[in-house]
Amino acid sequence: MLGDTDLLRALGMAGVPCVVAAAPGDPARYSRFARAVLDWADAWERPAALLELLERFAAAQASMPALFYEEDRELLLISRQRERLSGYFRFVVPDATLVEDLVDKARFQALARRLDLPVPPARVMDPSTDPVPLDLQFPVALKPLVRRGDQWTPIAGAAKALRLDTTLPLVSLWPRLATAGIPVLLQQLIPGPETCIESYHVYVDEQGETVGEFTGRKIRTWPPAYGDSTALVITDAPDVTALGRDLVGRLGLRGVAKFDFKRAPDGRLYLLEINPRFTLWHHLGARAGVNIPALVYADLVGLPRAGARQARAGVRWCKPWDDAASARAAGVPFLRWLPWAFGCEAKRVMAWDDPMPFVRAVLWRGMSRVTKEMRHA
């Protein structure tokens, strides 16, 4: 399994035996659901090494293992090396061209035009060669076309995007983006807070049958605008489900995917992105009664599927250490937030029945900090 504790817990809840490949200090390495831990190589930086590690592990097994993945870097590696890896692992992954179209923001815009997907108006630009666009309809969201990293963080910090309300900040940012070599997507902003971000989650088998699905909504992120999710809730949103199913049909999607929408003040749903991979939402979905990783595993190894169920609306997930900051920024008193957080059915890393991921990760980070300080002393 290439993923974090949320994917691991979804599989563990179904009794699926898991071996984890994760970076040193990653909480998933210390979970009771991890029967073994493999060495680690980053799929962006050392793809050949990661492939070798995975193949060596699979070759030593009595039967072909199932492979699960959670980030774009692993998705792209598995998709691009699907023929090679299919000799070692069972896995589900969408069509290779569709994967590239969905992960690459520029290709996604072209796909949206071809299939008339309900995306907000957007423009792909390269600040190193393109002049500052002065004819945009503001406000806009500015997003990097490629993965965030050392070049993007000094410009936007932890935020996934920047909100621009006028031309002036765009003119100011343009030289920095050009110097950093960051192509961008400038997308017309749909009004509304992060709580207007809703999502459709689905697993479609090779025959085109929808095996499992559920909908959800963001509660909070950190940073509060364009940040990573810190609190989520399962919903019962028929229009989100209907639109999600329609888009699955237009795309001819097979495999797992998350469709992110923004609900406009008039109720219309705009498609922001599609992630054709497993996500942290699958832990929450499993708690709500629809365990998509377990359904995939059953199909991969030839076991009977669990009976079809509808996810229970109102089941919640939170990432406590960041959600505390996000709730405080939103004006939620700590003494009101604390019992709310403890009442969440799913939590990132923290679990009474599996405490070591949190404890060991904290200790590892503390020791790493001390070692770093000693080296610089």
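Okay, let's start with Leu-363, which sits in helix H14 (helices are DSSP runs of H or I, at least four residues, numbered from the N terminus). This is a predicted model, so local features need pLDDT of at least 70 and side-chain atom pairs 80 or more, while totals for chains, interfaces and linings use all residues. Numbering runs from 1 along each chain as its sequence is written, and side-chain values use heavy atoms, leaving out hydrogens and water.

Leu-363 counts as exposed because its relative accessibility is 52% (exposed is over 50%, buried under 20%, partly exposed in between, with a 1.4 Å probe and protein chains only).

Now, inside. The largest nonpolar core has 58 residues; a core here means buried Ala, Val, Leu, Ile, Met, Phe, Trp, Tyr and Cys joined through side-chain atoms within 4.5 Å. Helix H2, residues 47-59, brings the largest share of that core, six residues. There's also a second, separate core of 23 residues, including Val-202 and Ile-274.

On to the rings: we get four aromatic pairs (ring centres within 6.5 Å, using the six-membered ring for Trp; planes under 30 degrees apart are stacked, over 60 edge-to-face, the rest tilted). Tyr-69 and Phe-278 are edge-to-face, because their planes make 75 degrees, with centres 5.5 Å apart.

How values were computed: Helix = DSSP H or I, 4+ residues; strand = E, 2+ residues; numbered from the N terminus.
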